[in-house]
Amino acid sequence: MVATEIVTECVETLLEEEPLSLLDSDEDMIEDDEEDTLLIDIAIKAVEHAHSAVTDITKKVEALETMRRVTPQPTARCSQLPLVLGAFKSKDSIRFRRNLRVSSSTFDILLAKVGSNPVFNDDNSRRKQLPVNMQLAIALYRFGHNGSASTVEHVAQWSGVSAGMVVKATRRVMKAVLALHDEVIKWPTEVEKEEAKNWVQSVSCPAWRNGYCMVDGTLIPLFEKPHHYGEAYFDRKSNYSLNVQLITLPNLRVIDYVIGHTGSRHDASAFADSYTAKNSSTLFNASNGADESQAGQSGEWIWADSAYPLESWMTAPYKKPLSNKPNNRTFNFYVSRVRVRSEHAIGSLKGRWKSLQGLRQKIKDDRDHRIALQWIKACIVLHTMCFWAEKDGSADLDEWVEEGIDLDEPDLDAEDFSRFWDYLDLEEALRLENEERTQSQGSVNGGTRLAPGKKKRIELRERLFDSGIVPRR
């Protein structure tokens, strides 16, 4: 006992330092020795008692450090993780997908991708982390459920861990997933472009094949009004939400996106901040070395809905009253056959990761806003990772599309809110059509120049009818 030895040595040193009086008799010296011995015994017992108390306190502190709660739960939690990661994973694929929103093979691929991230090997932590597969399962469960099923307390009861562990596991997985962002979200290769162009041609006409990608916006509702500039989140559907722009291929893969804008922001202005919009002149190739003004006519372009502006590299359907004209209505129909895949991509994203149907994130300051954006970004990256893992057709993507497609109501043009247009005579549509055609002819003959976006749309419409797929009216 180190403490006892130190105290004993100190006491003996003090006694040695006290000089003995020459006048003391032998009897006095004997009595002094007995008193000193008695004092030493008392001191040793006191030190032993103190050391025992310190030892008990040390053990209690060590026990507290190993406990998740100071006051243990009166009843033990019953974890579903062994059931999901064990029996369901190997024997019941339907229930496994219902819990974690991915197939067992996709789960293994995701685990191999994120498991090597250093965030799961934090040596500074006092407690040993949960196995990575359990942390990944907790995060996927939270991403894949909404409403009361996605609350931290519910997930804690489902997984049999503390609420704090649920939050930590989710954040670690998000950090590991976002570290793969640049590897996953990228512009398509020439081979992927060709696959997309072949699909577009199969549902429209050969002249439309260069429109190989599409953009659409969606709203991520919040479960409560944010305390941080709350009115800015109020959207046209009378919800508080975040605006997300997705640029996708016909196979539902996300190649670019825009997040950060609140629900009140218009889709067109949100899309203007995208990498695609800022680099359109280099991303959409012009055939035969055509310049930017010709790129929209003979090169590549992106499909959009009527909420977006017409550009030389972006085409949208006709709005009312021009859409009332039969030929324009036919053009819109074939545009919708192409653009429907952007709706499917949004449906697949929000159908698989249901937390995006009602994000349970309190936004009290700018930090909370960034955390909400990281959550959305992680879901987008996971969506694309699952696409690569399930590209061989090992999973039914239509299941997620069906669960999410009904959530996003189609965007309505401003004119659609008025029933006046339902009774509008076609004379107005014909007048606008003739005016547009005159401007198009004038731009060729050196007269009034038609905007490049409108000119491209007219050319695409004419090429559709020239292909012979559908007759003119």
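I took accessible areas from the Shrake-Rupley method with a 1.4 Å probe, and for residues only the protein chains shown count as cover. On that basis the protein chain exposes about 24,900 Å², with 52% of it supplied by carbon and sulfur atoms.

I noted that this is a predicted model, where local features need pLDDT of at least 70 and side-chain atom pairs count only at pLDDT 80 or more, while totals for chains, interfaces and linings use all residues. Residues are numbered from 1 along each chain as its sequence is written, and side-chain values use heavy atoms, with hydrogens and water left out.

Confidence came next: pLDDT is the predictor's confidence in each residue, from 0 to 100. I found a mean of 82 for the protein chain, with 74% of its residues at 70 or more. Over residues 288-297 pLDDT stays under 50, and the model has 16 contacts (heavy atoms within 4.5 Å) there beyond four places in sequence. Residues 442-448 also stay under 50, with 7 contacts beyond four places in sequence.

For the fold, I looked at contacts between residues at least 6 apart in sequence, and 68% of them join residues at least 24 apart.

Then burial, where buried means under 20% relative accessible area, exposed over 50%, and partly exposed in between (1.4 Å probe, protein chains only). I read 44% of the 473 residues as buried. C205 is buried at a relative accessible area of 0%, whereas C78 counts as exposed because its relative accessibility is 59%.

Last, I searched the whole structure for disulfides (pairs of cysteine sulfur atoms within 2.5 Å) and found 0.
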